[in-house]
Amino acid sequence: MKIRNFLITLFIATFSIPTLADIAIVVHPNNPLANLTKEDAAKIFLSKTKTFPNGKEVSIIDLEEGDEIRNAFYEKVTNKSASQVKAYWSRLIFTGKGQPPKVAIDSDEVISAISNNENAIGYIDTDDINENVKVIFKVP
Amino acid sequence: MNKALIKVVPLLLFCGAWVPYNATAITEAQMQADIERLEKKLEKIEKKSRKRDRSIQSKLNKYFNKLKFNGFGSAGLTTSDVDAEHVTQISNRKNYQADAVIGLQATFMVNDKTDAVLQIVGRGIERNNAEAEWAYISHSFTPNFTVRAGRLRLPSYNISEILEVGFAYPWARPIPEIYNQAPFTSYYGVDFFYNTNFMGLDFQIQGMNGTDTATLGETTINVETMYGLYFTLSKGDLSLRFGALSVSAGMDLGDLLTGVPDITTIPTDFLAQVLPADAVALLDDLRTNPARASDLATFNEDATSFGDFNAIEVDFYSLGLSYDNGTWVIESEAAELKQKGLLQGNATHYISLGRRFNNWMPFAVYAKQYTDSDTLFGKIVGPLIGTIGNGAGFDPYEHATYTAGLRYDIQPGVAIKVQLDHLTKFDNTRGNFNSVPGDDAQIFSVTIDSVF
């Protein structure tokens, strides 16, 4: 009996896949942008596209370097590892053609930054979504 | 009499006993009031001081939020196996300087459209003058149109503006065939860049105009004017860049030309003592063969005017391709340097292929460079004059470089590279060394690059 329980636990433990956070890109509820393709999302967060379709300048809210959600976000949306994202931004910074986005510590800060700025865009764990933000893209 | 006194004394005593008590009470109440008044005053002062602190704090915060610092640094050890000095100043002495660099950039956001930027770079080798690499004001009239003025970097080729940010490119150093062609890397002037999207393609135009002073060995070059225009088209993982830069400069050749005689007057057999055999044969043919009379006239003209040589007019044309899909990294450029004058023009191209395996990226590069405006003057007299620093010279040269290397990203912001270059196919010319290195040359480097 004991051994059977032990084996079942072992079995479950071996085959449990840890669930990774689901991430969504969010904007202010008044932002006319309704949805985004992965390519457009990548262009916005890499500052290749600087304005929304309505012409307003995008204000990107990023998470801190080293944050698991940040790493997963860039891997899935832009195909770049943390090192590659750093290399990409250093090209822009040191050619004077861009500054990396503002940084937030956690979802709360992201949501608060977005609530204060209709042109802000950020990404958060789907568990933290509330009525202060609108989801426009779910990271696959 | 005594009876009266006896009645009065206790009364006196009684009154007397009261007196000190009342005096204390009055003083205490007064003290209490005073204390309360002082406490209120203190509170007011504290409040004011706190308010002032907060306002200073918020002003400081405002300024600190507006001021951003970024930096980059590289260190490395490199050496070659030949005496001749490479255009990057690498030779067979162990060299810790060729790749040593530290850069600091401060960006002050004057307002949300205007930045003031200062970048100071310290280098192990002196490229030209060790000054601020750039210091400029930039203003974005729209999110897609920016104008900058001040001291800026020349955007001649793909990575010209980030020449020293080793972390941002795969190799130990920017491909020397392309990036060491000219001593100019910065200028004083203005530039603009404009981004747009057209038929699904991202498009950037960058234009510049400026002047500079550069040093080539002992020679000072005063660039009177340079202007350039560059176009970059990108879609997804691929980007294509092409453009041109035109430079007009005066040169102070210093001591370079002292002692170079007017060789039109010197007999061939005399020159045979100092010139290589094929140059002597060429000169002999020019002077003795009547069919080459006009060539001889051109040669003599160049030789005599060489004493007054002090002007450079060069056009730099470039074409570049970049592809990065996360796994495969392809970089390729082709450039043409056209001189109007006695200095050699050249053509150069490279192709680099890298593949990422997590944080590892092995890469291989093939590069080729050769002169393509051979003048008779250059062929005959060129090797005698040698180079005027930085590999620029009057003689024909060619070579090819095969490179293999490995880059490892230790952590985001730090990368180590190991690289071996095999330079060959010199065809008895000096290639991109300052003298003929032999049949082949190897350059080995280990570098560490970071951004912070």
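A: The model is a predicted one, and in it B:Asp285 pairs with B:Arg292 in a salt bridge whose closest N and O atoms are 3.1 Å apart. Salt bridges that share partners also build a network, which joins A:Lys97, B:Arg148, B:Glu161 and B:Asp191. Over all chains, the count of salt bridges comes to 19 by the rule applied here.

Two further pairs of chain B have buried partners. In one of them, B:Arg151 and B:Asp212 form a salt bridge with 3.3 Å between the closest N and O atoms. B:Arg151 belongs to strand β5 (residues 145-153) of chain B and B:Asp212 to strand β7 of chain B, so this pair ties together parts that lie 61 residues apart in sequence. Both B:Arg151 and B:Asp212 are buried. In the other pair, B:Asp421 meets B:Arg173 in a salt bridge, the closest N and O atoms being 3.8 Å apart. Here B:Asp421 sits in strand β15 (residues 414-424) of chain B, while B:Arg173 is in the loop between β5 and α2 (176-179) of chain B, so the parts tied together are 248 residues apart in sequence. B:Asp421 and B:Arg173 are both buried.

B:Glu333, in strand β11 (residues 328-339) of chain B, needs a separate description. B:Glu333 is buried but has no salt bridge, and the nearest side chain of opposite charge, that of B:Arg241, is 5.6 Å away. The side chain of B:Glu333 does make polar contacts, one of 2.5 Å with the side chain of B:Tyr179 and one of 2.7 Å with the side chain of B:Tyr350. Leaving out residues up to four places away in sequence, B:Glu333 touches a set of residues that includes B:Tyr157, B:Asn158, B:Leu319, B:Thr348 and B:His349.

Turning to the boundary between the chains, 36 residues of chain B are in contact with 20 residues of chain A. The area buried between chain B and chain A is about 2300 Å², and carbon and sulfur atoms give 52% of that area. On the side of chain B, the residues that lose the most area to chain A are B:Pro143, B:Ile162 and B:Pro412, which together account for 20% of what that side buries.

Between chain B and chain A the count is three salt bridges, and the side chains of A:Arg91 and B:Glu331 meet in a salt bridge, at 3.9 Å from N to O. Seven residue pairs are found in polar contact across the interface of the two chains, both residues of each pair being at pLDDT 80 or more. Among the strands of chain B that each supply at least two residues to the side touching chain A are β2 (101-111), β4 (132-142) and β14 (398-411), whereas β1(B) gives the most, with four residues. Taken by type, the residues on the side of chain B that touches chain A divide into 13 nonpolar, 16 polar and seven charged.

Strand β1 of chain B also holds B:Phe72, a residue that is buried, with a relative accessible area of 1%. Apart from neighbours within four places in sequence, the contacts of B:Phe72 include A:Phe94 of the other chain, together with B:Ile102, B:Glu164 and B:Phe452.

Definitions and conventions. Residues numbered from 1 in each chain as written. Chains lettered and ligands numbered in written order. Predicted model: local features only at pLDDT ≥ 70, side-chain atom pairs only at ≥ 80, totals over all residues. Heavy atoms only, no water. Contact = heavy atoms within 4.5 Å. Buried area = accessible area lost by both parts, 1.4 Å probe. Salt bridge = Lys/Arg side-chain N within 4 Å of Asp/Glu carboxyl O. Polar contact = N/O pair within 3.5 Å; in protein donor to acceptor, adjacent residues only side chain to side chain. Nonpolar A, V, L, I, M, F, W, Y, C, P; charged D, E, K, R; others polar. Buried < 20%, exposed > 50% of the residue type's maximum accessible area, 1.4 Å probe, protein only. Lys, Arg positive; Asp, Glu negative; His and termini not counted.
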